[in-house]
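Q: I would like to learn how to read the features of a protein model, one at a time. Could we go through this one together?

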Amino acid sequence: MDNKVVVLLRKAPYGRVYTAEAFRTIMGIAVFEMEICVVFLDDGVFALLKDQDPEKLDMKPLGDGFPMLKDFNVNRFVVHDQSLLDRGLSVNDLVMGVELVGSSQIAEIFDSYKKVLPF
Amino acid sequence: MKIGIMVLEGPYQHQAVDSAVNFVNAALARGHEIIGIFLYTDGVNNINKFINPPGERNISQKLDEIGAKGIEIVACTACSKFRGMRPDLKIEHARQSGLGSLADYLRASDRFVSFGD
C-alpha cells in the first residue's frame, strides 16, 4: 500500500472527455497527497501542445493547465519520445519542460509506480 | 489481496461495467477483498435505478447486489452533475462522492484495476 500512481494520457484532447478528466483527476487526487507521475503516450502527447484554441468547439483550452499542476505538488511529467516523433513534434512544441523517455523507461515507470490510471 | 476498481464507461454502450461486475464477483469468490468501485465519467450512469432493459441483464441491479454485500460503490459527484444523474435516481447501495474516494481506493489497495477504453 502506498501513495504512488501514474496518470496515463493516451488520447487526443477535445474529441473525447478523457484528457479533461485526466487533468481533473490529477488535481483531485493530488490534494490527498498522492505522488503522481503524469505520462503522455500516443495521441496523449497532443495534450501538451502550445497554443491550443478550442474556442469554436465551445470548450476551454487544456494545455495551459498542466504547467500549473506544479502548484499542487505534481512534479513529474513524462513524454514518450517516439510518440512525439511519430507526430512530427518536438519538445519545443510543448507548453512545458518534460522528461523525454523511451518505451523501456515507460515500462520501468509503470513497474515502479505499480498503479496506473489510464485515460 | 485488496483490489480497487474504476469504471470509465456507461451501461450497454460498452462492455467495461459488465467486465467490472464479473471481475468483482470472481475476485470475491476467490476470497479477495474489493476496497471499492469508483464510477467515473459516463460510468456514473451505471447506478441509475430506472435502468430497465427488456429481456436483458440489468446492470444497475447487478451493481446493487454487489453493494448490498457491503462493497462500497461511489459515483463521481461532478460527473453525475454533468450528466443529470441526481442522487434520487441512484440504486440503494451506491453513493455519490468526490475524487477523495478514488485517492482512498488507490492508497488502500494492493492492485488497482480500471475498466474502460
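Predicted model: local features only at pLDDT ≥ 70, side-chain atom pairs only at ≥ 80, totals over all residues.

Q: How many helices and strands does chain A have, and in what order do the elements run?
A: Chain A has 4 helices and 5 strands, and from the N terminus on these elements run β-α-β-α-β-α-β-α-β. The radius of gyration of chain A is 14 Å, close to the 14 Å that the globule rule gives for 119 residues, so chain A is as compact as a globular protein of that length. Along its principal axes, the C-alpha trace spans about 45 × 30 × 25 Å, and buried residues make up 34% of the 119 residues in chain A.

Q: What is the order of the strands in the sheet, and is the pairing parallel or antiparallel?
A: In general, the strands of a sheet pair through backbone hydrogen bonds, and they do so either parallel or antiparallel. Here the 5 strands form an open sheet in the order β4-β3-β2-β1-β5 (chain A), and the pairing is parallel. Strands β4 (99-101) and β5 (116-118) of chain A stand at the edges with a single partner strand each, so one side of each is left without a neighbour in the sheet. On average, and ignoring direction, neighbouring strands of this sheet are turned by 25° against each other.

Q: Which helix packs on the sheet, and which strands does it touch?
A: Helix α4 (residues 103-113) of chain A packs on the sheet, where it touches β1, β2, β3 (76-80), β4 and β5 of chain A, and its direction makes about 140° with that of β1(A). Even so, α4(A) is hardly covered, as the count of buried residues among its 11 residues is 1.

Q: How many bridges join β1(A) to β2(A), and how many join β1(A) to β5(A)?
A: Strand β1 (residues 4-9) of chain A is joined by 6 bridges to strand β2 (residues 35-40) of chain A, with the two running parallel, while 3 bridges join β1(A) to β5(A), again a parallel pair. To follow this at the level of residues, take A:Leu8, whose bridge partner in β2(A) is A:Val39 and which stands opposite A:Pro118 in β5(A). Strand β1(A) is mostly covered, with 5 of its 6 residues buried. Between β1(A) and β2(A) the chain crosses through helix α1 (residues 18-30) of chain A, and this β-α-β crossover is right-handed.

Q: At what angle do α1(A) and α4 of chain B pack, and how far apart are their axes?
A: Two packed helices are described by the angle between their axes and the distance between the axes. In this model, α1(A) and helix α4 (residues 99-108) of chain B pack at an angle of about 75°, with their axes 8 Å apart, and that makes α1(A) roughly perpendicular to α4(B). On the side of α1(A) the contact is made by A:Thr25, A:Gly28 and A:Ile29, and on the side of α4(B) by B:Leu99, B:Leu102, B:Ala103 and B:Leu106.

Q: How many residues does each chain give to the contact, and which element of chain B gives the largest share?
A: The contact takes 14 residues from chain B and 13 residues from chain A. On the side of chain B that touches chain A, the elements that give two or more residues are α4 and β5 (111-115) of chain B, and the largest share, 7 residues, comes from α4(B).

Methods:
Residues numbered from 1 in each chain as written. Chains lettered and ligands numbered in written order. Pairing = 2+ DSSP bridges. Axes fitted to C-alpha atoms, helices over the stretch in contact; angles between N-to-C directions. Contact = placed C-beta atoms within 7 Å. Rg over C-alpha atoms; globule rule 2.2 N^0.38 Å. Buried ≥ 20, exposed ≤ 12 C-beta atoms within 10 Å, placed from the backbone. Right-handed = clockwise from strand over helix to strand, strands pointing away. Parallel < 35°, antiparallel > 145°, perpendicular 65-115°, else oblique.
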